[in-house]
Amino acid sequence: MEEFTPMTAESVRELLVREGAEVFAREGRSDSYGAPRDFSFEVKALFPNGMGLHIVARQFNYRDPWEAAGRVNDMVDVSLLRDGSYSPLPKGYPWFQGTDQEEGIDEKGLREIIACVKGLNPKVYLLQELTGDL
């Protein structure tokens, strides 16, 4: 069985801060079923290259007692932000191809997305717009 790693607003925030991003995080849903928000946490990050990520854990997953205790988040939805708007990545990247959101991402995938976006040179957008690839 593969190792189970739950994510929290704090753990995602810390991951992004370690990668050099400015981060805003907030919790949404409390332990009460009557909580009004439709997400359990939300994190927004802006990297020095001007690219950003909007990470949302929409709901808790229920796990069996031997996996984790109670309701946890092990998958998140990740949206890519460029100049404050949602955007796909240029061609040639493993994520955000033809879409501005990746759904059901685990912690390993989130780490890969962060590395990809953090290392992106935004001038690639201009180049691909000029060549007609974007």
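Let me begin with a term: pLDDT is the predictor's confidence in each residue, on a scale from 0 to 100. We need it because what we are looking at today is a predicted model, and for this protein the mean pLDDT is 81, with 76% of the residues reaching 70 or more. Where pLDDT is low, the predicted coordinates should not be read in detail.

With that caution in mind, please turn to helix 1, which covers residues 9-18. Which residues of this helix are buried? They are Ala9, Val12, Leu15 and Leu16, and because they span an arc of only 135° around the axis, they lie on the same side of helix 1. As a general point, an α-helix has 3.6 residues a turn, so residues three or four places apart point the same way.

What do these buried residues pack against? Their partners are strand 1 (22-27), strand 2 (41-46), strand 3 (51-57) and helix 2 (107-118).

Let me stay with that last partner for a moment. Helix 1 and helix 2 pack at an angle of about 30°, and their axes are 11 Å apart. Since angles under 35 degrees count as roughly parallel, the two helices are therefore described as roughly parallel to each other. Helix 1 passes helix 2 in a right-handed crossing, and the contact is made by Val12, Leu15, Leu16 and Arg18 on the helix 1 side, with Leu110, Arg111 and Ile114 on the helix 2 side.

Finally, if you follow the chain just past the end of helix 1, you will find Gly20, which takes a positive phi of about 90°.

Methods
Residues numbered from 1 in each chain as written. Predicted model: local features only at pLDDT ≥ 70, side-chain atom pairs only at ≥ 80, totals over all residues. Heavy atoms only, no water. Buried < 20%, exposed > 50% of the residue type's maximum accessible area, 1.4 Å probe, protein only. Helix = DSSP H or I, 4+ residues; strand = E, 2+ residues; numbered from the N terminus. Arc of directions from axis to C-beta. Contact = heavy atoms within 4.5 Å. Axes fitted to C-alpha atoms, helices over the stretch in contact; angles between N-to-C directions. Parallel < 35°, antiparallel > 145°, perpendicular 65-115°, else oblique. Left-handed = near helix turned anticlockwise from the far one by under 90°.
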